[in-house]
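Here is a short note on the model below.

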Amino acid sequence: MVIHLLVDPRALGSLFPPVLEGAGSQSPAESPAEEHNMDSNGKPSTVQVVLLAGSSALTAFFYSVYRKRATTVARLKEAKKVPIDQDLKKYLSDIPGRCVPYAVVEGVVKSVKESLSSQFVDNCKGVIERLTLKEKKMVWNRTTHIWNDTEKLIHQRTNTVPFDLVSHDQAVDAAVRVVRPLDSAELDLETVYENFHPSVQSLSNVIGHFISGERPKGVRETEEMLRLGESVTGVGELVLDHNLVKLQPPKEGLPYFLSRLDHQSLLSKQESGVRVWRLLALASGAAACSLLLLLLWRRYERHRRAREEKSVLREFKEQQRRRLRELDVDEGAVSPAACTVCLSRERSCAFLDCGHVCACGPCYLALPQPKRCPICRAAIDRVVPLYNS
């Protein structure tokens with residue numbers, strides 16, 4: 001028995017309302033990049049998971065640094081400013097423990113016994129000297145194909161002698177001994193000498209450098225010092241120990257500062273660093289949240305399209321059953337491979353990109369423009385004919 005056209009192909013546009021357009025295996029709006037980023041189950045790809053994990057880790061790192069810097073700034077604001085005067089020892093002896101846990105002391109550098117002389121500058125004396133040798137070279141980046149400037153530390157030596165911080169008023173006979181200055185989180189030294197020694201290169205060396213991908217430029221030599229008479233702000237634990245006032249690294253993990261800046265300038269510098277880390281944390285957090293929301297939205301859209309496709313399929317099958325009942329045709333008499341439009345000829349073409357095989361050639365040609373899949377209503381970009389042997 002041959003069953004002639006039960007559903008007019010030109011009426012398919014009215015059979016499914018426009019609200020269901022785009023439902024199916026893949027809608028026209030779904031780009032190949034999106035298909036590559038999602039697997040067949042709609043789960044995020046490995047690249048997306050790595051990006052989300054990396055941005056989340058960066059956010060956690062930036063936030064931890066921000067919180068640490070913010071705590072430092074808060075403690076710097078709360079630090080007690082203790083002047084160097086004649087009543088300093090009496091003040092410390094009267095407080096519990098003879099100690100100020102976190103104090104700010106501003107004074108002038110003075111050596112205890114002997115001082116250090118600069119190796120390059122005449123009449124330049126100090127209490128801390130740091131000599132540094134760094135090699136400057138250019139390295140070929142095989143990825144970007146660009147020569148990049150780099151520095152390599154060759155040698156560094158730091159010399160210190162005991163020193164005190166004394167009052168700016170020379171008439172005041174009071175001093176604070178600075179203990180373990182190299183433990184300072186910010187040891188602010190002045191560069192008193194700097195010289196660059198360029199490399200002498202022969203033709204053979206130049207050829208060898210291009211082959212190896214490293215081109216030496218020279219050696220930079222610097223000398224930094226904390227000079228005598230320099231105004232210094234020290235922030236740490238101030239303690240009276242056997243009639244000697246000491247400034248030493250504080251307890252409870254608080255930072256130890258020895259800076260040539262005054263207290264307010266040091267505080268402003270730390271606050272600017274806090275703002276930078278806060279912006280980095282906010283930016284990376286916003287990127288992580290945006291990526292997470294994008295993945296959730298794509299998962300939701302995929303789930304929504306799947307629900308709409310099932311609804312369309314149910315409605316289409318119900319329309320077919322209704323037409324079969326109207327024509328008094330047994331549903332079992334229709335071949336499973338029959339065209340879903342005419343129900344008489346075999347399905348002979350596959351629609352792309354949705355991939356449905358649901359119609360014969362004549363019914364495809366009879367579909368109204370723009371041609372859409374009768375099952376999911378996705379736009380038909382191209383058709384692949386099928387041949388049954």
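**Notes on the predicted model**

1. The sulfur of cysteine 360 lies 3.4 Å from the closest cysteine sulfur, that of cysteine 363, which is too far for a bond. A disulfide here is a pair of cysteine sulfur atoms within 2.5 Å. Cysteine 360 is buried, at a relative accessible area of 1%. The classes are buried under 20% relative accessible area, exposed over 50%, and partly exposed in between, with a 1.4 Å probe and protein chains only.

2. On the basis of the numbers: this is a predicted model, local features need pLDDT of at least 70, side-chain atom pairs count only at pLDDT 80 or more, and totals for chains, interfaces and linings use all residues. Residues are numbered from 1 along each chain as its sequence is written, and side-chain values use heavy atoms, with hydrogens and water left out.

3. How many disulfides does the rule give? The count is zero. Cysteine 354 is in no disulfide either; its nearest cysteine sulfur, in cysteine 373, is 3.9 Å away. Cysteine 354 is buried, with 8% relative accessibility.

4. The aromatic pairs number seven. Rings of Phe, Tyr and Trp (its six-membered ring) pair if their centres lie within 6.5 Å; planes under 30 degrees apart are stacked, over 60 edge-to-face, and the rest tilted. Tyrosine 63 and tyrosine 66 form a tilted pair, because their planes meet at 45°, with ring centres 6.1 Å apart. Both sit in helix H3 (residues 46–78), three residues apart, about one turn of the helix. Helices are DSSP runs (H or I, at least four residues), numbered from the N terminus.

5. Is each tyrosine of this pair buried or partly exposed? Tyrosine 63 is partly exposed at 47% relative accessible area. Tyrosine 66 is buried at 17%. Elsewhere, ring pairs join Phe61, Phe62 and Trp277 into a cluster.

6. Two charges over rings deserve a look. The charged end of arginine 215 sits over the ring of tryptophan 147, 4.3 Å from its centre. Lysine 371 lies over the face of tyrosine 364, 5.1 Å from the ring centre. The rule asks for NZ of Lys or CZ of Arg within 6 Å of the ring centre and within 35 degrees of the ring normal.

7. Finally, the outside. Isoleucine 211 is exposed, with 67% relative accessibility. Its place is in helix H5 (residues 203–212).

Methods
Helix = DSSP H or I, 4+ residues; strand = E, 2+ residues; numbered from the N terminus.
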